Amino acid sequence: MSPDPDLGGLARVLVDERPRLLRFLAARGAGDEAEDVLQDLWQRLVGVPQQPIADPVSYLFRAAENVMRDRRRSAVSRARRQQDWHDASVTPEEPAVGERALIARERLAAADAALAEQGPRVSQVFRRFRLDGVSQAEIAREMGVSLSSIEKDLQKAYRVLARLKAKFDAE
C-alpha cells in the first residue's frame, strides 16, 4: 500500500484509516496478522470496480473484520483437513487390514485348539450354545446329560478362553 496521490475512493480511505484499522484488527485478535489482513483487503479493493458507498469508513472496518474471519475459517479448515489426512494414514504401530485378518485367523485357530484340548464335549457344548444359540437345557436333552454338566462344560470353556485372551492381550 503506497501513499499514491492518484488514489481515490475506498483505496484512499483505507490508506488514511490504516492506523485505526490496524488497532481495530489487533483488538479483535488478529495480532501479527493485522498487516496481512489489511494487505488482503487492499487486494480485494483494488481489483473491484468501485460503486458509491454511503459510509466508506464503516464499510472498510466491516470488510477488514470479514477478511480476518475468512482467514481464520481457512486456517481451521486447513488444520481439519491435515488432521483428517493424518488420521487416515496408517501408522506403523497399527497393523494393516491384511495383517489384522491374519492375526484374527491365528487367534481363532488357537481358540479352537484350546477348546479341543478340553475334550470334544466341552467344544461341542460351547459351539452349540455360543455359536448356534441353542439353550443349555436343549443341549442337555440332545446330549443326554444333566443341565449341571452343560454348565460345568461351559465354565471350562470360558476359563480356557479367558486365559487365552489374557495371553493375547499381553502380546
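**Note on the predicted helical model**

1. Isoleucine 139 is placed in helix α7, which spans residues 136-143. The model is a predicted one, and in it isoleucine 139 has a relative accessibility of 0% and therefore counts as buried. With neighbours up to four places away in sequence set aside, the residues in contact with isoleucine 139 are Val125, Arg128, Phe129, Val134 and Ile150.

2. How do helices α6 and α8 cross, and how close do their axes come? The axes of α6 (residues 120-131) and α8 (residues 147-170) come within 9 Å and cross at roughly 90°, which means that α6 is roughly perpendicular to α8. On the α6 side the contact is made by Arg121, Val122, Val125, Phe126, Phe129 and Arg130. These residues meet Ser149, Ile150, Asp153, Leu154, Lys156, Ala157, Tyr158 and Leu161 of α8. Sorted by class, the contact between α6 and α8 comprises nine nonpolar residues, one polar residue and four charged residues.

3. The next point concerns the nonpolar cores. The largest of them has 22 residues, of which Leu14, Leu21, Leu25, Leu38, Leu41, Leu45 and Leu60 touch the most other members. Two or more residues are given to this core by each of α1 (9-16), α2 (18-27), α3 (34-46) and α4.

4. Leucine 25 and alanine 64 may be read together. Not counting residues up to four places away in sequence, leucine 25 touches Ala30, Gly31, Ala34, Val37, Leu38, Ala64, Glu65 and Met68. Alanine 64 itself is found in helix α4, and at 0% relative accessibility alanine 64 counts as buried. Beyond its neighbours within four places in sequence, alanine 64 is in contact with Leu21, Leu25, Val37 and Leu41. Glutamine 39 lies 25 residues from alanine 64 along the chain, with 9.8 Å between the two C-alpha atoms.

5. Is glutamate 17 buried or exposed? Glutamate 17 is found in the loop between α1 and α2, and its relative accessible area of 15% falls under the 20% limit, so glutamate 17 counts as buried. Its side chain meets that of arginine 20 in a salt bridge, with an N to O distance of 2.9 Å, and arginine 20 is partly exposed at 41% relative accessibility. When neighbours within four places in sequence are left aside, glutamate 17 is in contact with Val57 and Phe61.

6. How many salt bridges does the structure hold? The total is 16. One of the pairs is formed by the side chains of aspartate 70 and arginine 73, at 3.7 Å from N to O. Both residues lie in helix α4 (residues 56-88), three residues apart, which is about one turn of the helix. Aspartate 70 is partly exposed, at 31% relative accessible area, whereas arginine 73, at 53%, counts as exposed.

7. A further salt bridge joins arginine 127 to aspartate 112, with 2.9 Å between the closest N and O atoms. This pair links distant parts of the chain, since arginine 127 is in helix α6 and aspartate 112 is in helix α5 (residues 97-117), 15 residues away. Arginine 127 is partly exposed, with 31% relative accessible area, and aspartate 112 is also partly exposed, at 30%. Elsewhere, salt bridges with shared partners join Glu33, Asp36, Asp40 and Arg71 into one network.

8. A last point concerns arginine 62, which has its place in helix α4. With a relative accessible area of 61%, arginine 62 is exposed. Arginine 62 and aspartate 169 are 107 residues apart in sequence, and the distance between their C-alpha atoms is 59 Å.

Definitions and conventions:
Residues are numbered from 1 along each chain as its sequence is written. This is a predicted model: local features need pLDDT of at least 70, side-chain atom pairs count only at pLDDT 80 or more; totals for chains, interfaces and linings use all residues. Side-chain values use heavy atoms; hydrogens and water are left out. Axes are lines fitted to C-alpha atoms, for helices over the stretch in contact, and angles run from 0 to 180 degrees between N-to-C directions. Helices (H or I, at least four residues) and strands (E, at least two) are DSSP runs, numbered from the N terminus. Angles under 35 degrees count as roughly parallel, over 145 as roughly antiparallel, 65 to 115 as roughly perpendicular and the rest as oblique. Contact means heavy atoms within 4.5 Å. Ala, Val, Leu, Ile, Met, Phe, Trp, Tyr, Cys and Pro count as nonpolar, Asp, Glu, Lys and Arg as charged, and the others, Gly among them, as polar. A salt bridge is a side-chain nitrogen of Lys or Arg within 4 Å of a carboxyl oxygen of Asp or Glu. Buried means under 20% relative accessible area, exposed over 50%, partly exposed in between (1.4 Å probe, protein chains only). A nonpolar core is a set of buried Ala, Val, Leu, Ile, Met, Phe, Trp, Tyr and Cys residues joined through side-chain atoms within 4.5 Å.
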